[in-house]
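Reader: I have a model open and want to learn how to read it feature by feature. Can you walk me through it?

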Amino acid sequence: MGPPEKPEGEPPQPTPPTVYLIGAGPGDPGLLTLRGRECLARADVVLHDYLAGERLLNLARPDARLYCLGRHGAGKLWSQQEINERMVAEARAGACVARLKGGDPGVFGRLAEEVEALSAANLAFEVVPGVTTAAAAGAYAGVTITNREQASCVAFVTGHEEPNKPDSSLDYATLARFPGTLVIYMGVTTAAHWSGELIRHGKPVATPVVLVRRCSLPDQTTIDCTLGQVPAVLAPGLVRPPLVAIIGEVARRSELSSWFTRRPLFGKTVLVTRPQRQAGPMVQRLRDLGADVLLQPVIEVLPPTDWSVVDAAIDRLSEFDWVVFSSRNGVQALMDRVAERGFDARRFGSARLAAIGPATAAALGDYGLSADLHPEEYRAEALAEVLAAGASGKRVLLLRASRGREVLAEQLAAAGAEVEQVVVYRSVDVKAPDAQVAGALAAGRVDWTTATSSAIARSLVSLFGEDLRKTKLAAISPLTAGAMNECGHAAAAVAREYTAEGVVAAILRATE
């Protein structure tokens with residue numbers, strides 16, 4: 001039996017777009033729209049401007065093919081015709097294509113030319129607007145580009161017109177009289193020309209200007225000057241693109257308005273060394289405080305080479321009086337294995353659960369479990385002290401990494417407990433660092449480096465050696481700081497609360 005017939009007169013189903021023209025915003029991935037993120041995640045092929053950084057590109061599928069369209073003076077710079085041809089060819093070959101553009105594609109993004117090429121090829125497409133750089137630059141520099149008293153209108157002006165046009169379409173006499181804010185895009189190399197023309201046609205030399213470079217990114221630079229000073233400030237070789245100039249009375253700003261650059265860690269670079277799947281909250285917290293964050297896991301968390309011992313423990317979970325978790329990794333490793341075997345939390349029976357620290361207790365909560373015990377002090381000694389009081393004759397299962405201290409097992413055994421230890425994950429040192437991270441450390445461009453365990457501290461020293469003397473070290477606990485000392489490196493900050501948030505707080509205290 002064939003498919004049901006469509007009712008007569010039913011409109012044809014729309015063809016799904018094969019090309020998405022996406023505005024990436026000014027740089028911070030958090031400013032990409034939800035629709036932009038959704039479309040980027042669908043793409044088989046991503047054609048992106050050089051301004052689309054790694055964090056933005058990480059939102060694409062891992063198997064997507066990425067093509068950087070280049071920049072002047074840095075490898076191949078694709079022509080607009082080459083971009084159009086590649087978009088059309090990939091879409092005709094059946095690929096879903098994302099064309100990722102900085103800012104908004106309709107504001108000096110050559111959108112019209114790309115739409116024309118796709119329309120001529122009879123290809124379905126969708127335009128996804130983005131946060132335009134002018135609005136973002138104002139917001140991140142502490143300037144409102146419109147103001148009821150000073151600027152009831154705003155004009156976006158290109159500082160770099162099509163070079164093959166016979167005449168300029170910019171009427172500088174009109175722009176000089178414009179009763180609002182001017183925002184000049186792409187005007188670094190032509191600064192002397194556009195500023196001079198505005199002044200020649202009557203714009204006061206003393207007109208306030210705010211120059212914003214790489215807005216919304218951790219290395220944003222904001223320069224206050226006047227229209228007359230622009231040629232000297234943007235003299236050849238002094239400031240590199242991308243940059244926008246905001247011109248007008250609204251550019252008279254105070255330091256208090258510069259919320260973005262006044263964040264406590266703005267201008268600082270912090271290296272986070274936790275395993276990647278654990279690092280997210282710490283990385284985001286540091287970025288929220290203004291830091292430029294590098295991520296270099298120095299240990300890997302891997303499954304056991306043989307699950308048989310873990311499986312045997314899972315089969316007997318209900319026989320233990322206490323099941324003790326020493327880390328979030330241990331919780332995830334055990335509970336994921338429980339689920340893989342088709343079981344759930346009922347395997348614990350009446351066994352009570354203990355956790356070292358709030359992060360480990362929170363990980364239990366992710367699986368619908370509550371810790372019956374977690375000490376106020378996040379150390380194995382503190383947990384051992386609490387458990388030891390009633391440990392005599394109790395059966396205790398310790399779930400642990402392939403390496404670590406024996407203090408908990410030793411103290412519980414000394415208190416009369418029957419202790420069984422099971423390795424639920426392996427902790428393995430990373431052997432080679434990312435080249436960019438290693439280069440930043442070697443050049444002294446990393447202000448702080450974190451160490452959130454003794455194993456991480458030792459692996460850090462093994463991986464980076466003497467280059468660690470060019471950065472300040474922040475340890476999660478006195479124990480971790482001690483491990484660093486044993487390796488010949490002193491911690492400049494030690495957390496008071498032995499958590500990732502405690503490490504961030506220690507860095508903040510040390511930078512006050």
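Reader: Start with one residue. Is F108 buried, partly exposed or exposed?

Author: This is a predicted model. F108 has a relative accessibility of 34%, so it counts as partly exposed. Look for F108 in the loop between β4 (97–101) and α4 (111–120).

Reader: What is the phi of F108?

Author: General idea first. Most residues other than glycine have a negative phi, and most peptide bonds are trans. F108 is not a glycine, yet its phi is positive, at about 55 degrees. M186 is another such case: not a glycine, with a positive phi of about 50 degrees. M186 sits in the loop between β7 (181–185) and α7 (191–200). Its relative accessible area is 41%, so M186 is partly exposed.

Reader: Which residues does a cis peptide bond join?

Author: P241 and P242, with omega at about 5 degrees. P242 belongs to the loop between α8 (230–233) and β10.

Reader: Now zoom out. How many helices and strands does the chain have?

Author: There are 18 helices and 20 strands. The C-alpha atoms fill a box of roughly 90 × 75 × 45 Å along the principal axes. The chain has 512 residues, and 46% of them are buried. Among contacts with a separation of 6 or more, 68% are between residues 24 or more positions apart.

Reader: How do I read a nonpolar core? Which residues have the most contacts inside the largest one?

Author: In soluble globular proteins, nonpolar side chains tend to be buried together. Here the largest nonpolar core has 26 residues. Those with the most contacts inside it are V323, F325, L334, F348, L397, L399 and V424. At least two residues each come from α10 (308–315), β14 (322–325), α11 (328–340), β15 (352–355), α12 (358–366), β16 and β17 (418–429). The largest share, five residues, is from α11.

Reader: Take one member. What is L399 in contact with, leaving aside its neighbours within four places in sequence?

Author: V323, V324, F325, S326, L334, V422 and V424. There is also a second, separate core of 22 residues. Its members include L182, I184, W194 and L211.

Reader: On to aromatics. How many aromatic pairs does a search of the whole structure find?

Author: A pair of aromatic rings is described by the distance of the centres and the angle of the planes. The search finds eight pairs. One of them is Y67 with W78: 6.2 Å centre to centre, 55 degrees between the planes, hence tilted. Y67 lies in strand β3 (residues 65–68), and W78 is in the loop between β3 and α3 (80–92). The pair therefore ties together parts 11 residues apart in sequence. W78 is buried, at 16% relative accessible area. Y67, at 22%, is partly exposed.

Reader: Which pair links distant parts of the chain?

Author: Y140 is in helix α5 (residues 133–141), while W259 is in the loop between β10 (243–247) and β11 (269–272). They are 119 residues apart. Y140 is buried at 12% relative accessibility, and W259 is partly exposed at 41%. Ring pairs also link these two with F260 and F266 into a cluster.

Reader: What lies over the face of Y67?

Author: R86, at 4.7 Å from the ring centre. Likewise, R395 lies over the face of F320, at 5.0 Å from the ring centre.

Reader: One last spot. Where does G390 lie?

Author: G390 is in the loop between α13 (380–388) and β16 (395–401). With a relative accessible area of 44%, G390 is partly exposed. Compare sequence with space here. G390 and A415 are 25 residues apart in sequence, and their C-alpha atoms are 8.3 Å apart.

Key
Residues are numbered from 1 along each chain as its sequence is written. This is a predicted model: local features need pLDDT of at least 70, side-chain atom pairs count only at pLDDT 80 or more; totals for chains, interfaces and linings use all residues. Side-chain values use heavy atoms; hydrogens and water are left out. Helices (H or I, at least four residues) and strands (E, at least two) are DSSP runs, numbered from the N terminus. Buried means under 20% relative accessible area, exposed over 50%, partly exposed in between (1.4 Å probe, protein chains only). A nonpolar core is a set of buried Ala, Val, Leu, Ile, Met, Phe, Trp, Tyr and Cys residues joined through side-chain atoms within 4.5 Å. Contact means heavy atoms within 4.5 Å. Rings of Phe, Tyr and Trp (its six-membered ring) pair if their centres lie within 6.5 Å; planes under 30 degrees apart count as stacked, over 60 as edge-to-face and the rest as tilted. A charge sits over a ring if NZ of Lys or CZ of Arg is within 6 Å of the ring centre and within 35 degrees of the ring normal.
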